[in-house]
Amino acid sequence: MPRAVVFDETGAPDVLQVVDEPVTEPGPGEVRVKIEAAGVNRLDQLMRSGAFPRPFQLPHARLGCEGTGTIDALGPDVEGISVGDPVIITAVPAMELNGTYAEYTVVPATAVIPRPAGLDSISAAALWVAYSTAYGALVEKAGMRPGDYVLITAASSSVGLAAIQVANQIGAVPLAVTRRTAKKDALLAAGAAAVIVTDSDDIVKAARAYTNEAGVDIILDSVMGPGLAELATTAKRGGTLVTVGWLDPRPAPMPMIAPLTIYRYMSFEHVLNPVVVRRMAAFLTAGLRTGALRPTIDKVFSLGEIVDAHRYLERGQQVGKVVVKV
Ligand SMILES: NC(=O)c1ccc[n+]([C@@H]2O[C@H](COP(=O)([O-])OP(=O)(O)OC[C@H]3O[C@@H](n4cnc5c(N)ncnc54)[C@H](OP(=O)(O)O)[C@@H]3O)[C@@H](O)[C@H]2O)c1
């Protein structure tokens, strides 16, 4: 019988277990996907650990919000897609029921896009969440333009690395922020114009120096926490702060500098909108074709190693995406 990862209670990574799970038939407007690989995301970790912002049903919750594979079955009324087509899943409306850490899942037909030609399944599993978030926050939300200085916190995260590449594809100037000197070279190799190491550099002075004292045009922040107010002072007058994550769970003070436009970005705002998904897919496909976008894989685990994969994600030493090969 096909396998799936489930958990009966929230907690540490070892609540995750691999069980046999019967396949379900796709309903009207749905497709069943035979998963080849799944990306491991912070959202999954929040859900598993009990910090997920909405209630969900236990026991036997599934997990995983991104993945790639081939179409295995079509529900009634599905057109324009065929069994065997390689696809990327763009949204999993109910992870607890249809999580992608599994051999099969069922999602709406509108929540898959064709897998770009030539993209292997591991890279495809690392693409959508990171790059659609980076593109959505920087381009759709903040209106990033060529020449903009963009300060990117947690730059070694999969979202951060995607943001570096998206900024370069647009012609903006990505300034990467990390806590660890050990990640500096990897971030320069990934395309950062400069790297600020918060353990040793003064982030405000460094950002000012890199921008000829003007301040950055856009801050893309995944960290928040008490450092948010100081981080905001790296922006120029009239700049934009987009927060996409809350890696530091401590309260974040509201930045008191003005004028500053602040957005709290959630990719669900865009990935359920077919018009924006089409733009996102076109942007990503073009970037993959030219080589401007190259998903960075840190480590690949097997489905049976899912507990180790979550432990590894929580250690925070990765540069890029953690992927599970199914
Ligand atoms: N808004 C959305 O729709 C959306 C979508 C996807 C992801 N996200 C968010 O984006 C963020 C990154 O996700 P990801 O999956 O790309 O992460 P990831 O690959 O797991 O990256 C983690 C990296 O973030 C840095 N980090 C971790 N904890 C930190 C802390 N307390 N303070 C500062 N830096 C910390 C570390 O880098 P250093 O050690 O180098 O600093 C670590 O390597 C998460 O907050 C996630 O929830 C949001």
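Predicted model: local features only at pLDDT ≥ 70, side-chain atom pairs only at ≥ 80, totals over all residues.
Let's start at the ligand. It has 26 residues around it, and those that come nearest are Ser 158, Thr 178, Arg 180, Tyr 265 and Ser 267. By residue class, the shell around the ligand divides into 10 nonpolar, 11 polar and five charged residues.

Now zoom in on individual atoms. The side chain of Ser 156 has an N or O atom 3.1 Å from an oxygen atom of the ligand. For Arg 179, an N or O atom of the side chain is likewise found 3.1 Å from a ligand oxygen atom. With Gly 316 it is the backbone that takes part: one of its N or O atoms lies 2.9 Å from an oxygen atom of the ligand. Taken alone, the ligand exposes 930 Å², and the protein buries 89% of that.

Helix 5 spans residues 158-170 and helix 10 spans residues 274-290; their axes come within 11 Å and cross at roughly 85°. Because angles of 65 to 115 degrees count as roughly perpendicular, helix 5 is roughly perpendicular to helix 10.

Which residues meet where these two helices come together? Helix 5 brings Val 166, Gln 169 and Ile 170, while helix 10 brings Phe 283, Ala 286 and Gly 287. The residues of this contact divide into four nonpolar and two polar, with no charged ones.

Note on methods: Residues numbered from 1 in each chain as written. Heavy atoms only, no water. Axes fitted to C-alpha atoms, helices over the stretch in contact; angles between N-to-C directions. Helix = DSSP H or I, 4+ residues; strand = E, 2+ residues; numbered from the N terminus. Parallel < 35°, antiparallel > 145°, perpendicular 65-115°, else oblique. Contact = heavy atoms within 4.5 Å. Nonpolar A, V, L, I, M, F, W, Y, C, P; charged D, E, K, R; others polar. Near = heavy atom within 4 Å. Polar contact = N/O pair within 3.5 Å; in protein donor to acceptor, adjacent residues only side chain to side chain. Areas by Shrake-Rupley, 256 points an atom, 1.4 Å probe, with all protein chains shown as cover.
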